[in-house]
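Biologist: Before we look at anything together, could you show me how to read a protein model step by step?

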Amino acid sequence: LNEYDLPKPTFVPWLGKTVENPEGYGIYFQERWDEALASDPDFLYLNDWNEWTAGKYHTGEVPVFLKRNSNFFFVDQYNSEFNRAIHPMKGGYTDNYYMQMVQNIRRYKGVRQVLQHDQNAKIVIDNNFADWQQITTEFRDAVGDTQHRNHNGYGGLHYTNTTGRNDIMSSKVGFDDNHVYFYVKTVKDITPHTDPNWMLLFIDIDRNSDTGWEGYDLVVNLGVNSSKKTTLKRWTGDQWGKAVNVLMAYKGTEMEIAIPRRTFGVTSDIPQFYFKWADNPQHLNDITSFFTDGDAAPDRRFNYHFKVKK
């Protein structure tokens with residue numbers, strides 16, 4: 001900390017470099033996790049999830065707070081450095097501590113094996129979704145997370161968010177020698193394809209977060225031609241590139257898409273990739289839009305992992 005007890009540039013061990021805003025990297029949080037994991041306890045208790053109250057207290061005199069003369073002082077949670085909570089915030093370190101918590105809980109408790117798809121199937125893009133029943137692997141998402149928000153906040157702030165639209169509940173993937181197929185189902189009827197940022201499908205072909213936009217190499221539905229044809233775009237390094245037309249159909253609560261394997265980037269090898277659905281994110285230059293607006297399946301920065309049994 002500097003002379004005002006605020007963070008100064010600090011070395012982050014797992015990055016191997018010094019950063020300007022170390023409070024966003026959970027250095028202390030990770031040290032405590034490493035201690036706990038090394039001792040292998042029967043259970044772990046995390047304190048606290050959501051206790052960022054930012055309490056402001058008036059003393060009636062002039063105390064010294066953070067080496068400044070002030071009539072007010074803050075206890076424990078003056079700013080993001082002194083915040084003891086794990087919950088995500090808008091701006092700042094966003095959901096870094098949440099993702100760090102998840103990562104370490106997985107280290108502590110273990111994870112399930114990745115589901116492996118053991119069948120291929122010919123899907124016809126025709127608004128008849130019965131052929132998807134032959135595919136048994138299903139990727140699910142929590143429902144009810146598109147509820148609009150309209151609440152008073154601190155200091156006269158009123159928070160409103162009405163971006164929740166299509167509530168995604170499940171999806172599937174299929175493939176044959178020529179295509180990779182995607183299916184998605186929502187709680188209520190899917191809104192018209194003319195809506196902005198409508199039912200976007202992001203695909204990370206190489207499963208490498210250092211390539212593409214936030215790891216995603218392809219996006220589908222970022223520009224929809226009609227109710228029967230949509231577009232696929234590839235990340236070029238600084239933007240989504242030229243659109244390629246692909247087949248799409250939707251009716252009621254269901255949608256299906258067919259992407260040629262040569263366009264997808266997988267021709268001879270059996271495909272393995274990450275993917276994510278997102279409806280109505282407001283800012284496609286900021287991944288935090290996945291968890292502040294619309295709906296994403298899976299939530300936040302998580303992805304589904306499609307893998308084929310060898």
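This is a predicted model: local features need pLDDT of at least 70, side-chain atom pairs count only at pLDDT 80 or more; totals for chains, interfaces and linings use all residues.

Biologist: How many helices and strands does the protein chain have?

Modeller: Helices (H or I, at least four residues) and strands (E, at least two) are DSSP runs, numbered from the N terminus. The protein chain has three helices and 19 strands, and its C-alpha atoms fill a box of roughly 75 × 45 × 40 Å along the principal axes.

Biologist: What share of the residues is buried?

Modeller: Buried means under 20% relative accessible area, exposed over 50%, and partly exposed in between, with a 1.4 Å probe and protein chains only. Here buried residues make up 43% of the 310 residues in the protein chain.

Biologist: How should I read helix H2?

Modeller: An α-helix has 3.6 residues a turn, so residues three or four places apart point the same way. Helix H2, residues 96-109, has 14 residues and reaches 20 Å from its first C-alpha to its last, close to the 20 Å expected at 1.5 Å a residue; the expected span is 1.5 Å times one less than the number of residues. The buried residues of H2 are Tyr 97, Gln 100, Met 101, Val 102 and Asn 104, and their cover includes helix H1 (27-39). After H2 comes Gly 110, whose phi is positive, near 85 degrees.

Biologist: Which residues touch the most other members of the largest nonpolar core?

Modeller: In soluble globular proteins, nonpolar side chains tend to be buried together. A nonpolar core is a set of buried Ala, Val, Leu, Ile, Met, Phe, Trp, Tyr and Cys residues joined through side-chain atoms within 4.5 Å. Of the 30 residues in the largest one, Phe 182, Ile 203, Met 255, Phe 275 and Trp 277 touch the most other members. Elements giving two or more residues to this core include strand S11 (179-186) and strand S17 (273-279). A second, separate core of 11 residues includes Trp 213 and Trp 240.

Biologist: Why does Asn 166 count as buried?

Modeller: Asn 166 counts as buried because its relative accessibility is 2%. Asn 166 lies in the loop between strand S9 (158-161) and strand S10 (168-175). Leaving out residues up to four places away in sequence, Asn 166 has contacts that include Thr 146, Trp 198 and Asp 295, where contact means heavy atoms within 4.5 Å.

Notes. Residues are numbered from 1 along each chain as its sequence is written. Side-chain values use heavy atoms; hydrogens and water are left out.
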